[in-house]
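These are notes for a colleague who is opening this entry and would like some points to hold on to while looking through it.

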Amino acid sequence: MKKVVFIALALILVIGIMPFTACGGAEEEYKIGAVLGITGFNSALGEPEKQTLEMLEEAINDAGGINGKNVKIIIYDTETDSTTCFTATKRLIEQDNVLAIIGASSSGVTMAILDTVTDAEVPLVSLAASDQIIKPVEERYWIFKTPQTNSMVVARVYDYLSDQGISEVALITASDGFGALGLEELKDVASTWGMTIVADESFDPDDTDMTTQLAVIKGKNPEAVICWGTNKGSAVIADNMKDLAMEMPLVMSHGIANRDFIDLAGEAANGVIFPAGKLLVTEQLPDDDPQKDVLLAYKADFEYLYGEGNVDTFGGHAWDAFTLITDAIQSLVDEGKEVDRAGIRDKLESAELVGISGIFNMSSTDHLGLTPDCLVLVEIVDGEWTLAEE
Amino acid sequence: MATWQLVQYVVTGITVGSIYAIVGLGFTIIYSVTGIINFAQGEFVMLGGMTAFSLIGLGLPIPVALMLAVVLVTLVGVVFNLTAIRPAGRASSITLIIITIGGALFIRAVAGLYWGRDAVALPPFSSGASLSFLGAYIRPQSLWVIGITLVLMVVVYLLLNRTLVGKALKAAAINRRAAALVGIDARMMSLVSFALAAATGAIGGIVIAPISYASYDMGVMLGLKGFVAAAMGGLTGVWGVFLGGLGLGLAESLAAGYISSSYKDAIALIFLFAVLLIRSRRLVAGEEAAA
């Protein structure tokens, strides 16, 4: 009797699991997965990324999908946690059987799934900044990314300063991961741009006052100050420089490319110069800028759905990733080839796209395909972002 | 080394030190009455800054908003004491300290959900450019910070030493049972100390928000620095914590100016380590006396 019950239970178990493991055969729709930091530390990144993907999914399906077949986006929240992201990625690959994955939102979390997608041979388009995600490219056969890297931002800053005839700079960088990465790059390439670093100070983003560090810098008389950090610490620095009557140009990082910085620093934000994606100053771009139409359209669509003034760079990275993947599927369909993971990967590697973050020209040696001129220098004038003259 | 730089480092050190002293004051008040180190003190400071910001956002006149913020945070201190500390009854100090850590995490998480992760700024109390003297600069708001710290120290000192409530608080601190025999309710005194600490914390959060902004997680760093200031001051007297705060602020500023800003954050931890080594016996002794 016991045996019968046992067999019955075993049968139920097998039948119960079957639908989940059954795979193969023609899919009804093109499934693309996404692992985003919608909650937790990266929520400011993950939320607009999710909104962008949902908007694009609806738009492409309303327009008839890809040759009549719908695109389905399956989004999981990583909670900005490597382990959660790893589990979600496994699920996308094994249960949802997706063709490609978008994410994660930040570098640390992306690093946690590189081996998983490589072993499963699934193309991944990351939305995180770090260079290490796609380098060395031999080991990152299946990995691509869309945001500009730190080294491009630094190159753009030094390029701007040397155009202004400035060669003696003081650095003040946050003591967190973001600041440390910036500092490393700023020091590494300073000599190639003919820059002399006369002071190298750091600050804790939670500190209440940075006038001590700035007094040290003031004593060294640099021609410009470069500050690498995110909103809060950077705003204190802009404010403290005004307090100390320091008049030299203040150049900051892309970490302040959002309205909150201006709200925090108020008056002191005026005059701050920083490199950012073109999305910030879309309307001010010259009409012959090849990205202008794409940027205007994305901005209009996003703000129509989610509110005026809410478009931001992070959502733009997701726009690029989605478009790269759907373009790859489209061209496979056009060529009459089978749409599978390997096919999409090959198409991604030769992708050309006028996107939000820049103009992509992917190759087998460059899985990002952007150049530093996808960034523009923005100056805050009267509390508004203004395209800086160069 | 230029003189103006030294002056600037000292000015910054005193400003920052005053902030640490205000935060440390709350630790001292609660510890001297109950023997508990209240690790939610930094959260009271955060609540002060954030609540004031929200109330100003509601359109209240600024002075009204600031005062109302202090009242609201004082209520939070009272509720915290009634819901988290009082039910634990006669639990040991260690248990109560762990409860305050839990309380701090809870308050921080709720604040993060309610206000979000972004920092916010309060308007400065008085406008105008920074004042220059000896080649150094001082902001009007720094003068406010230093002034309010001094006033607060004096008020708390008078309250503890010159009023009946203060004498009752002290009595409960010295010997709970004897105090109970003369009709002082130790639980009431614990409640009063939390209310007072929450109020001073809120004032601290409000005066620093115009210069260093407020955010849901600001209590972590300020709590640590305030605790070091209070521990340096011996955790019992008002003037001890004042000197402790100024000492820490000056040491940090001078170290950042003359050694390297990379080591600045190590200063507080080195001080804490030294204080714990030297004073640990005294702290424990004080704890036994309170029990």
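Which residues does Ile325(A) touch, not counting residues up to four places away in sequence?

1. In this predicted model, Ile325(A) touches Ile32(A), Ala100(A), Val125(A) and Ile344(A), once residues up to four places away in sequence are left out.

2. Ile325(A) also belongs to the largest nonpolar core, which holds 209 residues, and together with Ile32(A), Ile101(A), Ala202(B) and Ala214(B) it touches the most other members. Helix α8 of chain B, residues 186-212, gives the most to this core, namely 16 residues. Because domain 1 (30-149 + 296-371) and domain 2 (151-282 + 375-387) of chain A both give residues to the core, it lies between them.

3. Turning to the contact between the chains, 27 residues come from chain A and 28 residues from chain B. On the side of chain A that touches chain B, the elements giving two or more residues are α2 (43-62), β7 (196-203), α8 (211-220), α9 (231-243) and α10 (259-265) of chain A, and the largest share, 6 residues, is that of α8(A).

4. As for chain A as a whole, its secondary structure comes to 13 helices and 14 strands. Its radius of gyration is 23 Å, close to the 21 Å that the globule rule gives for 390 residues, so chain A is as compact as a globular protein of that length.

5. Of the 390 residues of chain A, 50% count as buried, and among its contacts between residues at least 6 apart in sequence, 67% join residues at least 24 apart.

Key: Residues are numbered from 1 along each chain as its sequence is written. Chains are lettered from A and ligands numbered from 1 in the order in which they are written. This is a predicted model: local features need pLDDT of at least 70, side-chain atom pairs count only at pLDDT 80 or more; totals for chains, interfaces and linings use all residues. Two residues are in contact if their C-beta atoms, placed from the backbone, lie within 7 Å. Helices (H or I, at least four residues) and strands (E, at least two) are DSSP runs, numbered from the N terminus. A nonpolar core is a set of buried Ala, Val, Leu, Ile, Met, Phe, Trp, Tyr and Cys residues joined through C-beta atoms within 7 Å. A residue is buried if 20 or more other C-beta atoms lie within 10 Å of its own, exposed if 12 or fewer, and partly exposed in between; C-beta atoms are placed from the backbone. Domain bounds come from an automatic or database domain assignment. The radius of gyration is taken over C-alpha atoms; the globule rule is 2.2 Å times the number of residues to the power 0.38.
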